[in-house]
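User: I'd like to go through the labels on this one and see what backs them up. Can you take me through it?

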Amino acid sequence: MSTLSERLHRGSASAPSQVDHARRLVADWQLLADLAFADLTLWVPLRTGAWWCVAQVRPLTAPTSQPEDLVGSEVQDADADAEPFRLAYREGRPVTEGDPDWSGASPRRREVIPVRHDGVVVAVLAKDTNLAVTRSPSTLELTYLDIAADLCLMVSAGTFPPEKLLDGELTPRVGDGLVRLDAAGRAVYASPNALSAFRRLGVTGDLAGADLARVTRSAASDGVAGEAVAANISAAVAGRFPDPTDVEGRSATLLVRALPLQAPGAEEGALVLVRDVTDLRSRDRALLTKDATIREIHHRVKNNLQTVAALLRLQARRMTEPAARAALEESVRRVASIAVVHETLAGSREDVVDVDGVLDQVLPMLGDLTSIGPAARTRRVGAFGELPAATATPLVMAVTELLHNAAEHAFPADGQPGSIELVAERDGDDLVVRVRDDGQGLPEGFDPALSDGLGLQIVRTLVTSELGGSLHTATPAQPPGPGRPGTEVVLDLPGAGRPRR
């Protein structure tokens with residue numbers, strides 16, 4: 001199935017600004033469907049003359065009148081069903097069908113609203129109401145329908161939806177709590193859920209007739225947040241679309257969204273939606289605390305590892321035996337590589353590591369790869385990307401060992417300078433790492449699986465046990481430099497990018 005943007009581009013009105021306007025409407029139209037107790041479908045005219053359904057939403061407050069999926073269906077312009085579409089699109093006004101449609105599983109009445117942007121009708125919105133559901137004309141239902149009518153007129157006039165794309169999953173819904181305000185910002189109606197939410201915030205008494213901005217400001221435990229929410233409510237009454245804002249009270253936290261109701265020919269006012277997010281914000285704070293604790297642990301581990309590396313470095317300077325000094329210096333390099341990974345995690349808010357950034361810091365720690373034997377040029381090809389922390393640490397250690405081995409053993413001391421390449425090939429969660437050089441090649445009969453060298457033993461353990469991969473060597477088909485056969489070490493790491501459980 002194509003995306004909404006792709007479907008909109010197929011229509012005759014497909015300018016980028018028009019497509020964005022239609023996308024914003026679809027992102028926010030659950031509100032309209034719930035208020036109208038109706039199914040909504042968005043139709044665009046095709047260049048062939050037909051009408052194409054590009055999006056659909058069903059109400060959460062009433063049974064659907066459109067149980068079938070209409071997205072992708074077409075209505076030919078010559079069909080009778082297309083007549084309201086043509087009128088609304090051509091005349092730029094809402095069109096209501098004369099008689100209900102009795103052909104489906106339930107009778108429905110359709111109203112077609114033009115979707116206008118910058119004075120141009122870019123699509124039509126079909127609003128289908130299920131007539132089989134009988135409701136008592138309660139104050140809540142009448143208020144919902146009245147607000148829905150105002151929003152439909154605003155869609156027709158091009159003043160709804162707001163210019164900023166909202167995340168529909170994070171904004172309050174109609175059923176969470178609704179307050180209608182008049183042109184002076186006073187509450188005309190508050191739903192039972194809204195009253196309960198404001199009670200938990202600390203508001204006493206009835207909201208009817210109250211200045212909602214002042215009441216919310218006085219109930220807020222945080223003066224700055226209270227002023228911000230009050231300013232947003234006043235901005236909506238004045239005709240602007242402010243962002244949703246949290247306000248914390250005595251025993252609850254509310255997410256408040258205010259939007260203007262300024263339909264042509266109708267009484268002006270505003271709509272305020274509220275949602276009790278006390279538990280959600282409490283979990284958010286707990287996660288932030290946990291995240292800060294984890295990052296502090298990584299920071300302390302990094303400091304401890306740097307202390308260990310410094311002690312090993314001091315001990316190496318006191319050694320008179322060259323082999324012992326070299327062993328300690330290699331240990332310093334290995335510990336420092338792990339410390340860099342923890343330093344990256346300490347500055348990250350996610351349990352993932354930018355391995356490319358870590359390697360760019362680790363490579364200079366290898367003695368610049370030029371103090372071991374002749375000068376060797378190194379370069380990284382491809383990208384490792386972000387990997388889980390449990391994978392990044394053994395991977396960085398294995399790669400630095402292989403690079404160090406290549407720099408130390410690939411080129412004869414009296415030979416010409418060489419080149420080393422670190423190649424990363426990532427396919428989804430699978431990763432292949434190649435360390436290739438243009439050195440003198442492997443000795444006759446060399447088998448990395450049987451080598452007793454400490455470096456290769458470390459690499460084998462990390463790759464097979466920690467990363468669940470495999471290690472093999474070969475002669476590169478295309479060495480990074482000319483003149484010598486070279487060596488290529490390949491790490492096959494299936495699923496390396498998949499988070500560990």
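This is a predicted model: local features need pLDDT of at least 70, side-chain atom pairs count only at pLDDT 80 or more; totals for chains, interfaces and linings use all residues.

User: Why is the pair Phe-37 and Tyr-144 called stacked?

Analyst: Rings of Phe, Tyr and Trp (its six-membered ring) pair if their centres lie within 6.5 Å; planes under 30 degrees apart count as stacked, over 60 as edge-to-face and the rest as tilted. The centres of Phe-37 and Tyr-144 are 5.8 Å apart with planes at 25°, so the pair is stacked.

User: And what makes Phe-160 and Phe-241 tilted?

Analyst: Their planes sit at 45°, with 6.4 Å centre to centre.

User: How do you know whether Phe-160 is buried or exposed?

Analyst: Buried means under 20% relative accessible area, exposed over 50%, partly exposed in between (1.4 Å probe, protein chains only). Phe-160 has 1%, so it is buried; Phe-241 has 28%, so that one is partly exposed.

User: What makes α6 roughly antiparallel to α7?

Analyst: The axes (lines fitted to C-alpha atoms, for helices over the stretch in contact, with angles from 0 to 180 degrees between N-to-C directions) come within 8 Å and cross at roughly 170°. Angles under 35 degrees count as roughly parallel, over 145 as roughly antiparallel, 65 to 115 as roughly perpendicular and the rest as oblique. So α6 is roughly antiparallel to α7.

Definitions and conventions
Residues are numbered from 1 along each chain as its sequence is written. Side-chain values use heavy atoms; hydrogens and water are left out. Helices (H or I, at least four residues) and strands (E, at least two) are DSSP runs, numbered from the N terminus.
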